[in-house]
Amino acid sequence: MLKRKESPFLLLLLCVCFAFVGDASVHQYRGDSFVNKGNAFVLHGGSEGIYSSLTGNSKESDVSADGESYIRFEKISFRRTEESSNFSSGPIHAIVFEVEDRETIGGSAYGGQRAVCCTADLAKLGVCLQGEVIHRPSINDPSWPQVFNVSFNQDELVATFPSKSLPITKTGMYNLYFIHCDLNLKDLVVEGKTIWKNPTGYLPGRMAPLFNFYGFMSLAFVILGIFWFSQYARFWREVFPLQNCITLVITLGMFEMALWYFEYAKFNETGIRPTGITIWAVTVGTVKRTVARIIILMVSMGYGVVRPTLGGLTSKVVMLGVTFFLASEVVELVENVGAVSDLSGKARLFLVLPVGILDAFFILWIFTSLSATLNKLQARRMLVKLDIYRKFTNALAVAVIVSVGWICYELYFKSKDVYNEQWQNAWIIPAFWQVLSFSLLCIICTLWAPSQSSTRYAFSGESNEEFDKDQTTLTLIKPSPLPSRDVRDAPEARLTQSNNGTSTGDLEEDKTE
């Protein structure tokens, strides 16, 4: 009896391949090799979320029309070595299945270990042919999974799949695997490409909503820019350095959203990610995030508001910013440039971990600096600046709490969605971070918008505003402030006055005498 049982190697294979959905709707195979998994040789050909055709047409001849969804095989060829060309080979399978039908691939005899290729025991039961891939019809649609075969004749070095288009009439996460069970073909390689298309273009289903999202975000940045630059132009004489920094962040944000929108538009049109635009979008976005973090840290230290410079802390802030930029740039380039769809979880963790540590260090330093700045503003009774710093602190605290909550939700979402069955909602995760950062930027723009009274919030150069150098450090024990000169001299002054009084009295007594 054929038993349905999860295979450890099949689960691992699917987890690795589904962890990152294919980043290109044109999947190129350039001499890719098969990997031995259990008793089969497997090559992952792609995984993408695809929406059903808008017209509901299932005819292969009509799949090129607008509004149609399909997977097309183009010039797929398999090449073997001359040493293994002296005999005919077993079949090489191309299997396309929806993620809900994953258990229809493979089987086991008498509850034993699950296998992808038909074994002698299973062949005796008459459920499959030995040397072929085990597959059963789907309960939902007996015509799925779709399986195509090709084999080598004797002395043939190349076997080719005929060009074929597979219409998609049901929305789902579709997966393509090339599998064979012939030990003599262990050095087999594949060349060619498959094209995956959604009704609205070549963007993968997971990424398609982000196309419209970046369009809306571009419009939001334009509206924010109009507000900010109009205020900047009206009160340019009142502008102080912090407002120039905010202007830079808004400008970078406008460019980042525009670049991502045009990158997705080009991707949707051609099916291939434009490397140049992607690199620019990634780099501008990384620069914006780095500059934003540095500005928030500088504001927390009081730069431009209660102190003219950072003093000896400048080099430390710059070093932290450069390190964060390099770490973030590497992660973003690896995840976005090209068709990197099979990066393992461990490799991604290795890249993301440094960024997380640097972000935590930024947060720690920011709130330590804010605490010191608030204490000094309160002690010196700078009430206007104290009020705006309290609002700024509350906004940052809410942003950090929301971020931690969202990270927990993201971890929960990914742990429960092992096979990427929730791909239609996955776009919300990256979109949330963009919305959160934009919201925080809007709050900062509201607090420090150029106005007639902007100079009230700027450093005025008065002696009672001078902050001690290097007063924002990451020490857990705060040294008690030294008494001021006036306080130290008070007893001495009283003593001097007393002595003077005594001397004067003595002199008067002498005169009397």
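Colleague: What should I know about the model before looking?
Modeller: It is predicted, so local features need pLDDT of at least 70 and side-chain atom pairs count only at pLDDT 80 or more, while totals for chains, interfaces and linings use all residues. Residues are numbered from 1 along each chain as its sequence is written, and side-chain values use heavy atoms, with hydrogens and water left out.

Colleague: What is the order of the strands in the open sheet?
Modeller: The five strands run β3-β4-β11-β6-β8 with antiparallel pairing. Strands (E, at least two residues) and helices (H or I, at least four) are DSSP runs, numbered from the N terminus. Two strands pair if DSSP finds at least two bridges between them.

Colleague: Which are the edge strands?
Modeller: They are β3 (35–37) and β8 (146–150), each of which pairs on one side only.

Colleague: How many bridges join β4 to β11?
Modeller: Nine bridges join β4 to the antiparallel strand β11 (residues 172–180). Ser-47 stands opposite Asn-175 in β11.

Colleague: Changing topic, where does Gly-67 lie?
Modeller: Gly-67 is in the loop between β4 (40–50) and β5 (70–79).

Colleague: Is Gly-67 buried or exposed?
Modeller: Gly-67 is buried, because its relative accessible area is 8%; buried means under 20%, exposed over 50% and partly exposed in between, with a 1.4 Å probe and protein chains only. Gly-67 and Pro-199 are 132 residues apart in sequence, yet 4.0 Å apart in space, C-alpha to C-alpha.

Colleague: And where is the place of Gln-231?
Modeller: Gln-231 is in helix α3 (residues 208–234) and is buried, with a relative accessible area of 15%. The Gln-231 side chain reaches the backbone oxygen of Pro-450 at 3.0 Å.

Key
Polar contact = N/O pair within 3.5 Å; in protein donor to acceptor, adjacent residues only side chain to side chain.
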